[in-house]
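Welcome! Take a moment to look over the sequence and the 3D view, and then we will walk through them together.

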Protein chains: 2
Amino acid sequence: MGIHIGIDLGGTNVRVAKINNNGMVEELLQEQTEPEKGPIHTIENIVRMIETIADGEKVDGIGIGAPGPLDPHKGVILNPPNLPGWEEVYLVDELKKHYPTEIQLNNDANAAALGEARFGSGKGYHSVFYITVSTGVGGGLVIDDQVFSGAQGYSGEIGNMILNPGGYQYSNLNKGALEGYASGTAIGQRAYELYGIEGGAEAVFELVSEGDKRAQRVIDEAIEYLAMGIANLTHIVNPDVFVIGGGVMKAGDLIWIPLREKVKKYLYPGLVDKVNLQPASLSGDAGVIGASLLTR
Amino acid sequence: MGIHIGIDLGGTNVRVAKINNNGMVEELLQEQTEPEKGPIHTIENIVRMIETIADGEKVDGIGIGAPGPLDPHKGVILNPPNLPGWEEVYLVDELKKHYPTEIQLNNDANAAALGEARFGSGKGYHSVFYITVSTGVGGGLVIDDQVFSGAQGYSGEIGNMILNPGGYQYSNLNKGALEGYASGTAIGQRAYELYGIEGGAEAVFELVSEGDKRAQRVIDEAIEYLAMGIANLTHIVNPDVFVIGGGVMKAGDLIWIPLREKVKKYLYPGLVDKVNLQPASLSGDAGVIGASLLTR
């Protein structure tokens with residue numbers, strides 16, 4: 001029996017890991033992605049990293065989590081903002097030239113969702129909605145331990161959920177979309193525009209912990225929209241559990257306590273005490289762990 | 001082999017039908033529900049109607065579509081606004097006293113979704129999101145020909161999706177929820193409040209077809225919100241097909257043409273030509289057909 005490889009391909013770093021059957025990282029290599037050098041450069045690096053990690057062992061499956069948009073059914077990376085210059089890269093076909101085994105590509109949030117569902121805070125639940133609140137806001141739906149990618153692979157793209165038509169526009173998303181209010185980037189931008197607070201979301205939370213009222217207002221708004229988004233997901237999907245990760249959620253009680261309260265305001269009465277929000281537990285390794293699970 | 005019964009329990013009428021394996025209605029009885037006479041009265045009527053339809057044949061399965069909120073896992077109707085005075089009615093247990101066979105309860109939109117997915121416009125698709133735009137706005141998600149009910153049975157309750165915080169409040173739903181903008185009731189109310197137009201949604205569409213600009217503005221707003229709701233569902237679930245039914249959709253081109261255009265504005269570029277919107281095709285029978293499929 002061979003080994004399983006999980007790859008977390010990000011705009012800054014690419015991580016290649018050997019993951020065992022218990023979802024543990026046995027070996028991991030990390031290098032800079034340098035997307036500006038083009039996909040061929042990165043693919044060559046990935047192949048070399050797999051070779052190093054496999055070290056002669058048979059490779060039974062390779063899973064890759066990568067920034068969207070991408071097409072998981074065709075194994076092609078389309079034109080992600082986080083991999084500038086990449087366009088229609090048939091990553092699965094390229095890797096198959098070197099490893100004629102099962103290879104699956106999915107977006108990074110879906111891969112992390114799968115990791116959390118099988119080995120993290122979503123373990124044992126029938127349906128898991130994973131949410132990441134980080135630079136952006138993304139998500140992934142896992143049903144019966146399988147990623148539900150959707151027809152074109154856009155399931156879980158909750159950052160683009162409209163919550164306030166005509167509202168704040170962020171990047172190429174819809175006006176008033178969730179990501180424009182609740183992402184770390186949005187929090188940092190809003191704090192700077194309104195009050196000249198510098199240093200991004202981390203600085204804003206630092207100020208909140210010191211009792212700063214202006215920073216508190218910025219965070220309150222972000223949490224309000226995140227709560228509305230979670231209520232919408234409940235009335236659309238009603239998953240058994242929400243698993244929520246990403247850098248912003250590391251602010252701990254400052255975000256978790258008000259978030260749990262605010263979500264309740266927007267739920268049908270019968271759901272108020274039933275919606276289950278859990279912090280993600282695999283932290284930085286969810287990407288490679290989840291990716292390796294795409295093939296098994 | 002026995003027969004399969006589908007029951008469509010509404011606030012006004014209750015319909016009991018024998019549905020064959022091809023999803024065809026072989027026999028149907030309809031009576032008034034008279035919910036104010038209490039659940040026992042209605043249950044007795046239902047039992048009598050089943051007896052008449054079965055006519056001595058063995059009953060292999062009974063499925064019931066009913067107004068929410070209800071708990072499909074426990075077979076209990078909670079306290080639906082459309083069945084006033086009903087509270088915690090264990091309908092499945094009650095019917096099992098008479099028919100010791102498989103009996104399933106789900107909400108009416110989920111039942112209709114299942115009917116459309118197996119025998120209507122959703123036939124052959126892996127994932128179907130059914131939407132009904134009628135007195136209210138509801139929906140149901142079907143994956144691999146099975147209803148996805150969610151943890152507490154609230155999957156598909158899209159009428160309560162927040163699209164405009166602080167916006168129009170309708171019934172017991174969230175402020176600015178989809179149903180408050182796009183339902184037939186909302187269209188009628190809005191037309192009356194803004195312009196004194198009487199006669200409900202039907203009268204509004206009649207005026208639109210005559211070129212009335214005020215009625216057009218009311219409809220434009222309703223379609224705009226419906227389009228945002230569909231875009232949100234696409235970025236959350238990305239189903240293979242949306243099947244859209246309900247009385248409001250019978251306005252034909254007046255609603256379908258602008259709806260298809262407006263949805264595109266809110267989609268990721270890669271999805272613009274791919275989102276698949278289809279009119280429901282089982283019309284009034286989707287309820288009993290879908291209900292009968294809950295047990296098979």
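In which sense do strand E9 and E10 of chain A pair, and over how many bridges? Please keep in mind along the way that this is a predicted model.

## A sheet in chain A

Strand E9 of chain A, residues 137–143, pairs with E10(A) in the antiparallel sense, and two bridges join them. You can find the place by looking for A:Ile143, which stands opposite A:Gln146 in E10(A).

These two strands belong to an open sheet of five strands in chain A, in the order E10-E9-E8-E11-E12, with mixed pairing. At the edges stand strand E10 (146–147) and strand E12 (277–279) of chain A; each has a single partner strand, so one side of each is left without a neighbour in the sheet.

## Two domains in chain A

Now step back to chain A as a whole. The domain assignment divides it into domain 1, made of 3–107 + 285–293, and domain 2, covering 121–280. The C-alpha centres of domain 1 and domain 2 of chain A are 27 Å apart. Where they touch, domain 1 of chain A gives eight residues and domain 2 of chain A gives seven residues.

On the domain 1 side of this contact in chain A, the elements giving two or more residues are strand E5 (70–71) and strand E7 (102–107). By class, that side of domain 1 of chain A has three nonpolar residues, four polar and one charged.

## How the chains meet

The contact between the chains takes 33 residues from chain A and 33 residues from chain B. Helix H7 of chain A (residues 213–236) gives the most to the chain A side, with seven residues. The side of chain A that touches chain B holds 18 nonpolar, twelve polar and three charged residues. Of the interface residues of chain A, 100% are also interface residues in chain B, so the copies meet through the same surface.

## The nonpolar core

In soluble globular proteins, nonpolar side chains tend to be buried together. Here the largest nonpolar core has 196 residues, and those with the most contacts inside it are A:Val204 and B:Val204.

To see the surroundings of one of them, zoom in on B:Val204. Leaving out residues up to four places away in sequence, B:Val204 touches B:Ile187, B:Gly188, B:Ala191, B:Ile197, B:Ala215, B:Val218 and B:Ile219.

Notes:
Residues are numbered from 1 along each chain as its sequence is written. Chains are lettered from A and ligands numbered from 1 in the order in which they are written. This is a predicted model: local features need pLDDT of at least 70, side-chain atom pairs count only at pLDDT 80 or more; totals for chains, interfaces and linings use all residues. Two residues are in contact if their C-beta atoms, placed from the backbone, lie within 7 Å. Domain bounds come from an automatic or database domain assignment. Helices (H or I, at least four residues) and strands (E, at least two) are DSSP runs, numbered from the N terminus. Ala, Val, Leu, Ile, Met, Phe, Trp, Tyr, Cys and Pro count as nonpolar, Asp, Glu, Lys and Arg as charged, and the others, Gly among them, as polar. Two strands pair if DSSP finds at least two bridges between them. A nonpolar core is a set of buried Ala, Val, Leu, Ile, Met, Phe, Trp, Tyr and Cys residues joined through C-beta atoms within 7 Å. A residue is buried if 20 or more other C-beta atoms lie within 10 Å of its own, exposed if 12 or fewer, and partly exposed in between; C-beta atoms are placed from the backbone.
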